[in-house]
Each structure stands twice: as C-alpha cells, then as structure tokens.
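Open the model in your viewer and keep the selection tool at hand. The tour goes from a whole chain down to single side chains.

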Amino acid sequence: MSKIKFVDANGEISFKELDIQIVQNFKLQKELLYKMKLARAFEEKTNELYATGFIHGTLHLAIGQEAAAIGSTAAMTPEDKILITHRGHIEAIGKGMSITSMFSELLGKDSGASKGYGGSMHMIDPDKGILHANGIVGANAPLACGIALALKKQKKDAIATCYLGDGAMNEGAYSESLNLASLWQLPVVFATVNNQYGMSTPIHKSHANTDLTQRGIAFNLPTIEADGNHVLTVYCAMKLARAFALKNQPVILILNTYRISGHSRSDKNRYRKDSEILAWKKRCPIKTLENSLLEQKQINQKDLEKTDFKIKNKINSAIQTAQLSELAKEIQW
Amino acid sequence: MVRKLSIRLALREAMRQEMENDETVFIMGEDVGVYQGVNQVTGNLIYEFGPERVMDTPISETAFLGTAVGSAMLGLKPVVELQVADFISVCLDPLLNQAAKIRFMSGNQINVPMVLRAAFGAGLGAAAQHSQSLEAFFCHIPGIKVVMPATAYDAKGLLISAIRDSDPIVFLEPRALYTDESEVPIKPYTIPLGKADLKREGKDISIITYGSMLPVCLELSLILEKKYNIDCEVIDLRSLQPLDTDTILNSVAKTKRVIIVHEAVRFAGFGAEIAAQISQTDLIYELKSPIRRVGAKFTPIPFAKHLEESTLPQLKSLLAEILAMFELT
C-alpha cells in the first residue's frame, strides 16, 4: 500500500494516506477483486477468440492494467461520463458495460454495443456513461472538455474522465485541452494510465521530462499520482480527483502501471526484456489484492474458486449468446 | 414591406433567433465576442447573450472544435466559428475522425449536432493560407454535411436548418459576398439541406454553381441572353452533401448542355463529381456538347491583385467557355 502523491498547481508536493474507511471496506474490496478478475478473464478470452480466428480486426489488450481501470471507474457514479481509448475494454467493464454486448460487438453482431460498427477499439455505451472509445491517440482530451462543458452548463452533479496513455501526453491536443480545461474551470479528470510505453517507445525516449507530475504546473493544474497496480490506492486517488473536478477544478491523475500484454497483434516484444515483464507480473494487481484479502482472512481459497467458476460461466454464457445472435446489418445512414 | 439584409446580417439573425428559440444553442470561436468576429458575423450577439453563450476561445482550434464536438455529444448545439476554412488544417481530427464518425461508430447511439461555420474563398488579397476553397475535401468525408449559401435569403434559412440538424455540418460562407444583400423575411424559416435552387430558369444551357461564383454566373447569364440570345438555367446547389442530383439531372435533360462553375481549383474539384454523376446516366448520349468544368488554376492563391484575379475563374473566360459550347467563337 502506498501513499498518494499530490502536486499542486504551484508544484508543491504533499503525500496523502489512503482513506482508512476504504482500507477497511472489505465489501468494496471484494467487488473490486471480482471486477478485476472479470476484466482479466474477458481479455484472456478475447485473445483466445482472436487467436482461433473468431474475431477479426485488431486487438489492444490491457492485461496488467486492471487496477487502474477498475479502481478508477469504481470511484465514479453512474452519472459520471468517461471517454476511453483503443485499449479500453476493461474501463468499459469497470463502468458497467455488459460483456455480452461487448462480445457481440467483437463478433460483428447486430446485438453488439455499436451494432457491429465499432469493434474492439470503440466500445461505446451512453447509458453507462461511456461516451466514446477513441482510436486516435490524444483525441479524447478536447472531447472530454466538451463533455465537461456540457455537464457544467447543464448543472449536472457529475464529471467527465478522459482516459489516455502516457504516449498521448505528447499530442498537441492534450496540451491544448489542459489549457482550455484550466482556463474554463471544467469538471474533468485527465486520467493518465501510464503503462510505461507508447507502443514500443518507453517514456525516457518520448518525454523530455519523465516526471509526469510536472506537466500540469504550466497549466495551473494540480496533479495526483498513484500506484496504478494497487486498486485501493487508485480508488482513493480517483475519489480525490473526482472531488476536485466536481468543484470545477480540473485535475491530472497519473496511474503508474504496466501493460503485460503486447501493444497489439503486431507486437513481437522486441523492445522490452523478459525480466522487466516478469518483475511487473510479480506486482500483478489482482494477486496483490487477492493476497491481501487472504492474509486478512476476508476470503479463502474456496471463495476464490467459486468466483473463478462464476466468472468462467458468465464469460461462456456471454459468448454463447453473442454467437447465437444475428450478424450486423447494413444500416442506411 | 421588403427588407433587405446582407449575408453577414442574415447569418447573425439566424443565430440570434435560434439562440432565443433554443437555450442549448451557443457560439464559440476565436474573437467572436467583443471583437465581434473577424468577419463581423457574430457582431453584437455577445451583448445580447453574454459570454456564456458567445464564448471566446484561446487560439487552440483542436481544443475548441473538439470541445464543441464533446458538448454536442451531450445534447448541446454549438455553432463554432473558424475564421477561415484554411484553419481546418490545425483541427482536422475533431471533424474528420470524431464528429463525422461518432454516430456511426456508436451504432447510432450518439449524435453530434454541431455547426462549423467557416469563411472561404479568395479575392480579398489574403494570399495562400487564407483564401482556399476546400469544399471538395470536406465532401470526401462521410458523416458530415456540407452547406454553402450564396445569398442572404439562403444563408439565413440554411443556417437555421443546419443548427436544427442532428448531424455535424460544415457551413461554408463565401467571404467575398458577406455584404451582398437580398430580401430576407424577419421570421425564422428553414431551407431543407440537400435541395438546390434554380436561381434562373432557362432552356439552352445548365450552369451549375454554388458559393462565390453564383453572382458571376447570374451576371453572365444576362450577357448571354442580351448579346447572344442564349437562355441560361442557373442552378445554385446550396448544399453539396447531401447533393440534389435530381435537380441537376432534370435541368440537364431539358437543356442538353452543362457547365459546372466553382471557385475551387478545377482539378479533383467538386465539379468532377457532378460531371461524373451526369455521365453515369443516359443523358450523356443526349448532350449537344461535352460537359465543361470551370475552376481556379491548380496553384495556391497568389497575393498580388492581378495574379490573384488571373488564378480565379473570371467572367470573361467563363463567357468564352460557354460560347465555345455553342460554337460561337
């Protein structure tokens, strides 16, 4: 368990302990464990369906990033809006999207979330507040400003969260949006899932300043940085970020994690060492929480087996439903 | 009583009436507030609706166009001003990859009811980066509509329709014509998008045009009638996407001669699409003369006045083209 780093708009650094009520909330922790496991199982099953030729197109898995996705989405309300990325399956699951409609989408079915017109990179579900899943790196940032502007104008008690990766921080759209959000005091969180790489390029080869908490200072924005592999830390960090945004103070959230899976199907893993991947695997966010709950005797092996069985059935039944549904139709636009 | 308004004031009236009518409509763009807009279209709206609804933005076209798209996704109706269409180069993604695709990619779940207003066109000595006619480029993006009024009456009706539409619209305003006046009703009215207008009926030749070349074509048709007894039909397309193909084909079926005139460079211009649409019908066998297209030279717009003029289609050269079609040269 680590502290949350807070860098205010002037660059003053402070550290915050995790909220003790959250640390002792085991009901919440069990829910987070379940959701992370579901997210992992979804990604692994998707990979399998892909490898066996059931899914065509491209696929960007987020195995290893579950704490960042599940911890942050769990700290939101159903009214909060999110914009996710091309690697967005697990945030969508976190925000409550049906895995049946997701599998249907991946299989190109009419019952898919986007009726077969979106696919893996575009898991959109406005009823769950998932307003966009963007295949253009950095492009979510200005859109999130617009969502936040609308929430502010409509006087809604909700925020917009813009998910993006460390790579997106070097897009012009990102910097323009930080400035606009700060200038107009928009209720938006720029949730940066720092998985260490933009495709194959590590941060030290792409960021002139590798301390990601420094970027906000230029735009008069506070930054919250947290261990993105520790789901409770992420949850508390997002709660903190959300509280700022609700008061129309935009904020940057940095969640440091690691993508165990490759970038996409084209990834031959030529840019990182096995030892590095292994080291991060040892910090698996799911195992971390599982072990913590086992040690505290909040769950036992039998509970875990039950959960895994439940998830397996849920996934299989979702796929079965998806496979039985009709193919996507041509729509007259 | 006949009331005349300029295109500029007709556009402003359309925005004012829609903002009064629907509180979700708002304006954003560079210097649209107290500066009153670089083209003086937004004018005094800032004083009528305040800075919350007439929003000055930083010079961050990607950020503010993207913000407009995002706000439209939650049901607001932004009317965004881009000072000149040339600036689309620095904010293409929110239009091309976002606004144009979201309804489609979301399986029809999310609409983007946004209007992007932009002045276009040469003739004002603004040189290569402030004078382009990029409509063909916009028309090549499925998912957006492209509207180009050429009169004040059409400007008001089309802008109201555009604001009420549920899809993203690129609304291109001929900069050289902002002061052109015509009769404009005071009450709000709409003109359907995708409906061309016969600006002049005739039987000998169809002149198909839009935007800044409309007044030139109308003047030309008077000369042709008086001096050469040629009766021109002048079609103002008004919107290029959706395109009113029926009106074009009906006219060509009647006149058997067609010339397409636009300010944009002729090569790969929108005229090529119209020519192709005609060519793909049996009308091609009935034509008395090959289809002609007139547009600017294939070059960036030069600064010097005489060079700028010789780059753009001129009345004289247009006249020669048409006379050639009647074997009168």
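Start by selecting chain B and colouring by secondary structure: the chain has 11 helices and 14 strands. This is a predicted model. The radius of gyration of chain B is 20 Å, close to the 20 Å that the globule rule gives for 329 residues, so chain B is as compact as a globular protein of that length.

Next, show the surface of chain B. How many of the 329 residues of chain B count as buried? The share is 60%, where buried means under 20% relative accessible area.

Now colour the charged side chains of chain B. There are 32 positive and 40 negative charges, and their mean positions lie 5 Å apart.

Go back to the chain trace and look at which parts touch. Among contacts in chain B between residues at least 6 apart in sequence, 81% join residues at least 24 apart.

The remaining stops are aromatic rings. A pair of aromatic rings is described by the distance of the centres and the angle of the planes. Over all chains, the count is 11 aromatic pairs.

Select A:Tyr197 and A:Tyr258. These two form an edge-to-face pair, with 6.3 Å from centre to centre and 75° between the planes. Where in chain A do the two partners sit? A:Tyr197 is in strand β7 (residues 197-198), while A:Tyr258 is in the loop between β10 (251-256) and α9 (274-281). The pair links distant parts of the chain, as its members are 61 residues apart.

Move to chain B and select B:Phe137 and B:Phe138. They make an edge-to-face aromatic pair, 5.8 Å centre to centre with 65° between the planes. B:Phe137 is partly exposed, with a relative accessible area of 39%, whereas B:Phe138 counts as buried at 2% relative accessibility.

Note on methods:
Residues numbered from 1 in each chain as written. Chains lettered and ligands numbered in written order. Predicted model: local features only at pLDDT ≥ 70, side-chain atom pairs only at ≥ 80, totals over all residues. Heavy atoms only, no water. Helix = DSSP H or I, 4+ residues; strand = E, 2+ residues; numbered from the N terminus. Rg over C-alpha atoms; globule rule 2.2 N^0.38 Å. Buried < 20%, exposed > 50% of the residue type's maximum accessible area, 1.4 Å probe, protein only. Contact = heavy atoms within 4.5 Å. Lys, Arg positive; Asp, Glu negative; His and termini not counted. Charge placed at Lys NZ, Arg CZ, Asp CG, Glu CD. Phe/Tyr/Trp six-rings, centres within 6.5 Å; stacked < 30°, edge-to-face > 60°.
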